[in-house]
Amino acid sequence: MTTPSKTWIADLPKDRLIAEFSVWSADLVRLADDLARVDPHVDILHIDVADGHFAPAMLFFPDLVASVRKVSARPIHVHLMVADSILLSQIEQFADAGSDLISLHVENESVADEALDLLDRRGVAAGMVLKVDTPVERVEKYASRLSFVTLLGTAIGVKGQGLDEKAGARLQQAKQIIAGCGAAHRIVLAADGGIREHTVPLLRQSGAETVVLGSLAFNAPSLDERMAWVRAL
């Protein structure tokens, strides 16, 4: 399977919401078929990884990423929700599996610089994610080293929650940090969690360039109509 170009982040759409599809919401029994079904609408595949400690869920593993890499040419964004003690080994394993972008958490602060150095050596794009209650300014010192900044709008690693009321203001603050960090490369601002029909317009207006689409896309009565709506925002 062809892999994304080296310039895939710079080449992502700038005139519409980037469509980032969460594999967690796919039909996991028929994963290859479901990924093929949504593929015409996908800009990025988002794969969550959680260790049951940093986040309450237990989610996915390197072999799954390697298998997805075999059936999809879409960029793969791995979101690591893991303890500091295993972060570096997880980065190595998911880089080996074929990840194009790996996001750690700003809360992994004790190993964050080492993790970003490792991603740079491995030639994998780096992102950072912030929990819903983490001050946005904590990402500022890392921003120029990142390609993605993702703000969670709900508690970490739990499906089906409502969007936090501060989500829009937090995105606006992150957008200002990105604009002021001095990076010469593109840094994409993403929203993850609480993605519903009534929240996506607010997130877009607040500066989100992509939202992580779960059931809103995979369970849509008409995926064509749903994605036409998303792209028009």
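This is a short talk on a few local features of one predicted structure.

First, the ground rules. The model is predicted: local features need pLDDT of at least 70, side-chain atom pairs count only at pLDDT 80 or more, and totals for chains, interfaces and linings use all residues. Residues are numbered from 1 along each chain as its sequence is written, and side-chain values use heavy atoms, with hydrogens and water left out.

Let me start with helix α2. Helices here are DSSP runs of H or I with at least four residues, strands are runs of E with at least two, and numbering goes from the N terminus. Asp 34 sits in α2, residues 31-38. Is Asp 34 buried or exposed? Asp 34 is buried, at a relative accessible area of 10%. The cut-offs: buried is under 20% relative accessible area, exposed is over 50%, and partly exposed is in between, with a 1.4 Å probe and protein chains only.

What does the side chain of Asp 34 do there? It makes a polar contact with the side chain of Arg 37, at 2.7 Å. A polar contact is a pair of N or O atoms within 3.5 Å; within protein, one must be able to donate a hydrogen and the other to accept it, and residues adjacent in sequence count only if both atoms are side-chain atoms. A polar atom of the Asp 34 side chain also lies 2.8 Å from the backbone nitrogen of Asp 27. Set aside neighbours within four places in sequence, and Asp 34 is in contact with Ala 26, Asp 27 and Phe 218. Contact means heavy atoms within 4.5 Å. Keep Phe 218 in mind.

Now the whole helix. The buried residues of α2 are Leu 31, Asp 34, Leu 35 and Val 38. Seen down the axis, they fall within an arc of 100°, so they line one face of α2. That arc is taken over the directions from the helix axis to the C-beta atoms. Asp 33 and Ala 36 are exposed, on the face of α2 turned away from the buried side. What covers the buried residues? The cover includes β1 (18-22), β2 (44-51), α3 (62-71), α8 (215-218) and α9 (223-232).

Next, strand β5, residues 101-105. Here 5 of its 5 residues are buried. Leu 101, Ser 103 and His 105 point one way, while Ile 102 and Leu 104 point the other.

Which strands pair with β5? One is β4, residues 76-81, parallel, over 3 bridges. Pairing takes at least two DSSP bridges between two strands. His 77 stands opposite Leu 101 in β5. The chain gets from β4 to β5 through helix α4, residues 84-96, and this β-α-β crossover is right-handed. Right-handed means that, with the strands pointing away from the viewer, the path from the first strand over the helix to the second runs clockwise.

Strand β6, residues 125-130, also pairs with β5, in the parallel sense, over 5 bridges. In β6, Met 128 is the bridge partner of Leu 104. Helix α5, residues 112-122, carries the chain from β5 to β6, again in a right-handed β-α-β crossover.

Stay on α5 for a moment. Asp 117 is in this helix. At 34% relative accessibility, it counts as partly exposed. Its side chain joins that of Arg 145 in a polar contact of 2.5 Å. Asp 117 and Arg 145 are 28 residues apart in sequence, and 9.4 Å apart C-alpha to C-alpha.

Last topic: rings. How many aromatic pairs does the structure hold? There are 2. Rings of Phe, Tyr and Trp (its six-membered ring) pair if their centres lie within 6.5 Å; planes under 30 degrees apart are stacked, over 60 edge-to-face, and the rest tilted. Trp 8 and Phe 148 have ring centres 6.5 Å apart and planes at 35°, so that pair is tilted. Trp 8 is in helix α1, residues 8-11, and Phe 148 is in strand β7, residues 148-152, 140 residues apart. Trp 8 is buried at 9%, and Phe 148 at 0%.

Then Phe 21 and Phe 218: centres 5.6 Å apart, planes at 80°, so edge-to-face. This pair links strand β1 to helix α8, across 197 residues.
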